[in-house]
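I opened a new structure today and kept notes as I went. The entries follow in the order I looked things up.

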Amino acid sequence: MNEDAINDLIAWMKIIILTAAIVLLSRQFLFEPVAVHGQSMMPTFEEDDKVILSKISSIDNFDMIVFVAPDQKNYIKRVIGIPGDRVEMKDDQLYLNGKPVNEPYLEENRQWAETNGYPKLTTDFGEFTVPGECYFVLGDNRLNSVDSRMIGFILEEAVIGEVKFRISPIDHIGTVK
């Protein structure tokens, strides 16, 4: 090999190593692809949807997050309460800090429940305050969701990231709401 070929090879190797380092560091600290499993977030997410998480987002009410649950599985849920929030459910109406909350993402499930003889999606629970460094989460499919009603508050340190973008299926690609 002549000197020019060796220099070209070294240059390409540097580019490949730098690219691999950027990808690995981005996945570790910035973004992560995740597959959705289960029915707890239907119809917002369905089985095997693929999403991208942001690991550097600040979490707010109604953001969707992926976290490590007490059973060591990754769950995807909607954040209802952040630290200091007062949360209550009364007659299938969510109250956040004493104010009723409109939850349009539940409409399809409400219609299904009504058609199939379920009087409401969510059992009432009295007002409580979300402790510091914790979240209260619920699935959009409230009749079929293991969430904070069963497993308790989610520690901030258990959060892997916030769902930002759906990459599959192809007909649903885009930002999530």
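Entry 1: a cut-off to start with. I call a residue buried when its relative accessible area is under 20%, and exposed when that area is over 50%. I also note that this is a predicted model.

Entry 2: Arg166. I looked up its place and found Arg166 in strand 11, residues 159-168. Is Arg166 buried or exposed? Its relative accessibility is 10%, so I count Arg166 as buried. Next I checked its side chain. A polar atom there lies 3.0 Å from the backbone oxygen of Thr44. I then listed the contacts of Arg166, leaving aside neighbours within four places in sequence. They are Thr44, Phe45, Asp49, Lys50, Val51, His172, Ile173, Gly174 and Val176.

Entry 3: Gly161. I stayed with strand 11, where Gly161 is also found. Gly161 has a relative accessible area of 4%, so I wrote it down as buried. Which residues does Gly161 contact, beyond its neighbours within four places in sequence? I found Leu53, Ser54, Lys55, Met64, Ile65 and Val66. I also took a distance to Asp48. Gly161 and Asp48 are 113 residues apart in sequence, and their C-alpha atoms are 18 Å apart in space.

Entry 4: Pro104. Pro104 sits in the loop between strand 7 (99-100) and helix 2 (107-115). I count Pro104 as exposed because its relative accessibility is 53%. From Pro104 to Leu143 I noted 39 residues in sequence and 16 Å in space, C-alpha to C-alpha.

Entry 5: the largest nonpolar core. I found 16 residues in this core. Which of them touch the most other members? My list reads Ile80, Val87, Leu94, Phe125, Phe128, Val130 and Phe136. I then asked where the core residues come from. Strand 5 (86-90), strand 6 (93-96), strand 8 (125-129) and strand 9 (134-138) each supply at least two. Strand 9 gives the most, with three residues.

Entry 6: Val130 and a second core. I picked Val130 for its contacts, again leaving out neighbours within four places in sequence. Val130 is in contact with Gly81, Ile82, Pro83, Gly84, Asp85, Val87, Tyr135, Phe136 and Phe153. I also found a second, separate core of 12 residues. Ile65, Phe67, Tyr75 and Val159 are among its members.

Entry 7: the largest pocket. The largest pocket has a volume of about 270 Å³. I counted 16 lining residues, and those closest to the pocket centre are His37, Gly38, Asn74, Tyr75 and Ile76. Strand 1 (31-35) and strand 4 (74-81) each supply at least two residues of the lining. Which strand has the largest share? I found strand 4, with four residues. By type, I sorted the lining into seven nonpolar, seven polar and two charged residues.

Entry 8: the second largest pocket. I noted about 160 Å³ of space here. Its lining is made of Met42, Pro43, Glu46, Glu108, Asn109, Trp112, Asn141, Leu143 and Asn144. Four of these residues are nonpolar, three polar and two charged.

Methods:
Residues numbered from 1 in each chain as written. Predicted model: local features only at pLDDT ≥ 70, side-chain atom pairs only at ≥ 80, totals over all residues. Heavy atoms only, no water. Core = buried A, V, L, I, M, F, W, Y, C linked by side-chain atoms within 4.5 Å. Buried < 20%, exposed > 50% of the residue type's maximum accessible area, 1.4 Å probe, protein only. Contact = heavy atoms within 4.5 Å. 1 Å grid on protein atoms, 1.4 Å probe; cavity = no way out; pocket = protein on both sides within 12 Å on 5 of 7 lines; lining within 4 Å. Points joined across faces, edges and corners; volume = space filled by probe spheres on them. Nonpolar A, V, L, I, M, F, W, Y, C, P; charged D, E, K, R; others polar. Polar contact = N/O pair within 3.5 Å; in protein donor to acceptor, adjacent residues only side chain to side chain.
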